[in-house]
Amino acid sequence: MTEPELAEHSSAEDGPAGVTITGLHKAYGDNEVLKGIDMSVRPGEVVCLIGASGSGKSTLLRCVNRLEDPNAGTITVGSFEATDPDVDLDAMRRHIGMVFQQFNLFPHLSVLENCTITPRRVLKQPKEDAEAEAMTQLRRVGLEELAQRRPDQLSGGQQQRVAIARALTMRPALMLFDEPTSALDPETVGDVLAIMRQLAEAGMTMIVVTHEMAFAREVADRVVFMDQGRVVEEGPAAEVIGDPQQPRTQDFLRRVLNPTDVDIRD
Amino acid sequence: MALTTRDRARLSLGIQAGLFVAVLIALLFIMDWSAIHRSFFDIERIGPMFPDIITVGLVNTLQYTAVGFVLGLLGGTVLALMKLSSFPVYRWLATAYIEFFRGIPAILVFLALGFGVSIAFGWNLTSLQIAGSALGLVASAYIAETLRAGLQAVPKGQVEAARALGMPAWRAMVSIQIPQAFRIVLPPLTNEAILLTKDSSLIFVVGLTAGAAELTKFGRDGINIYQAGLTPLVAAGACYLIITVPLSILARRMEHRSPRKK
């Protein structure tokens with residue numbers, strides 16, 4: 001890695017980054033998944049994306065760190081123009097942590113190595129520094145005593161907490177969560193949400209795709225409801241979840257909050 | 001007397017085992033033991049084959065195979081990456097190579113390297129160079145297809161997670177995708193190593209000096225030297241097992257050590 005890149009990395013530790021999305025379109029062939037999204041996230045803000053599956057919320061999240069290439073529109077993350085064709089994607093992604101529904105821990109590496117491989121191989125940190133930072137983050141998620149284990153020896157909830165620690169070792173300025181609790185056993189969901197809440201309170205900018213309405217209501221500064229590739233309603237969590245104005249939002253929340261109270265005729 | 005399904009299954013199994021043992025005993029009785037001993041197991045007469053068959057033959061076989069396998073692994077990795085490349089010319093070249101070297105008998109590759117190279121370039125290759133590169137060329141083709149399948153079997157989320165952390169594509173390939181692919185392809189790679197061990201005998205077609213003789217050469221020459229029937233070939237065969245069986249055991253050990261995927 002060259003010197004300017006290293007300098008860039010340390011500058012990101014100055015604080016959380018904001019995100020600005022304008023006119024974002026994404027289509028897979030004829031299937032238009034995002035139909036013009038405008039959205040912004042202030043530094044340190046926690047935004048929850050809610051909506052039915054297929055509404056485009058995961059795709060939107062994956063466009064932010066360019067795991068998906070949008071067809072049109074612009075995205076800015078901190079000082080990075082994510083949609084600029086000349087942007088250094090790897091440098092940008094080092095500032096953006098991502099947590100996946102399926103954890104995606106590296107099964108051939110120990111918990112500790114999962115957390116140190118990128119700092120060591122990409123940022124060229126000395127082994128001791130990378131391990132010290134990894135242990136700090138593992139302690140933060142309450143798993144430092146499992147550092148030598150393999151991912152397949154951990155429960156789903158523990159794996160997801162390691163995935164969060166792994167992302168944090170890169171000192172990100174923005175964290176993306178893609179349905180982080182959807183693949184977990186119900187009894188382990190709470191631990192993961194508690195760590196996310198802690199992270200939010202520490203001032204991290206977070207975009208969270210989730211079906212956990214209670215979490216969204218308590219932790220999110222803002223909730224964005226998406227349907228069929230568009231933002232239908234957004235606002236403070238208490239307003240969007242507690243008193244939705246749009247019929248589609250009302251309908252979605254009724255289904256999610258009272259899953260047994262669904263009119264089977266529609 | 002009513003038989004349950006289970007009783008009937010046991011009875012059937014018992015009859016099969018009984019028949020098998022009866023046939024075996026009958027064969028043992030009618031076999032000409034002294035002729036078998038003279039033709040295949042005349043250990044006393046082949047005494048002078050030792051220790052050379054081990055110190056020279058087995059060592060040469062191991063060397064030819066090891067060089068071939070390492071070259072095959074390197075070539076196979078490059079070809080597998082070419083096959084998965086987004087650049088069509090690479091894919092075509094890799095496909096053409098694989099189809100060619102998988103499709104022709106390995107003996108032709110040995111002949112081409114043993115005689116063709118010296119005719120074309122005037123280079124005189126050693127037995128190790130010929131055997132190693134011939135086995136390497138052939139193994140590359142087989143290993144390439146195995147590795148390609150292994151690389152594709154690594155879940156997509158693994159590479160996504162690596163890229164999302166900021167790893168460049170090559171680093172995600174080297175540190176995340178390739179190590180996991182190797183664990184997946186360990187059993188077929190072991191198979192390939194065992195096949196190579198035996199294919200190393202094809203070096204006989206270019207002729208071998210005494211110091212370069214491998215196991216099969218020892219066996220074939222022994223037939224003329226020791227007047228012990230085919231016993232020298234049996235000895236050579238046993239030496240192949242000395243290589244291949246531990247290889248299988250080692251591979252099984254490594255497989256058990258690597259993490260299970262859920």
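Predicted model: local features only at pLDDT ≥ 70, side-chain atom pairs only at ≥ 80, totals over all residues.
β1(A) and β2(A) form a hairpin with two residues between them, and A:Gly29 in the turn has a positive phi of about 60°.

β1(A) is also joined to strand β4 (residues 72-77) of chain A, by five bridges, and these two strands run antiparallel. The strands belong to an open sheet of four, in the order β2-β1-β4-β5 (chain A), with antiparallel pairing. The edge strands of this sheet are β2 and β5 (80-81) of chain A, each of which pairs on one side only. In a regular strand the side chains alternate between the two faces of the sheet.

Most residues other than glycine have a negative phi, and most peptide bonds are trans.

| Residue | Phi | Relative accessible area |
|---|---|---|
| A:Phe103 | near 65° | 9% |
| A:Asn104 | near 55° | 12% |

A:Phe103 lies in the loop between β6 and α4 of chain A, and A:Asn104 lies in the loop between β6 and α4 of chain A as well. Are these residues buried or exposed? A:Phe103 counts as buried because its relative accessible area of 9% is under 20%, and A:Asn104 counts as buried because its relative accessible area of 12% is under 20%.

In chain B, the feature to inspect is a peptide bond: the one from B:Phe50 to B:Pro51 is cis, with omega near 5°. B:Pro51 lies in the loop between α2 (33-40) and α3 (52-83) of chain B.

The two chains meet in a contact to which chain A gives 25 residues and chain B gives 20 residues. About 2000 Å² of area is buried between chain A and chain B, and carbon and sulfur atoms give 58% of this area. Which residues of chain A lose the most area to chain B? They are A:Phe106, A:His108 and A:Asp152, which together account for 28% of what that side buries.

Polar and charged groups also take part in the contact. Between chain A and chain B the count is seven residue pairs in polar contact, with both residues at pLDDT 80 or more, and the count of salt bridges is two. One of the salt bridges links A:Asp90 with B:Arg163, whose closest N and O atoms are 3.3 Å apart. On the side of chain A that touches chain B, the elements that give two or more residues are α3 (89-93), β6 (96-99), α4 (111-121) and α6 (156-168) of chain A. The residues of that side divide into twelve nonpolar, five polar and eight charged.

Methods
Residues numbered from 1 in each chain as written. Chains lettered and ligands numbered in written order. Heavy atoms only, no water. Contact = heavy atoms within 4.5 Å. Buried area = accessible area lost by both parts, 1.4 Å probe. Salt bridge = Lys/Arg side-chain N within 4 Å of Asp/Glu carboxyl O. Polar contact = N/O pair within 3.5 Å; in protein donor to acceptor, adjacent residues only side chain to side chain. Nonpolar A, V, L, I, M, F, W, Y, C, P; charged D, E, K, R; others polar. Buried < 20%, exposed > 50% of the residue type's maximum accessible area, 1.4 Å probe, protein only. Pairing = 2+ DSSP bridges.
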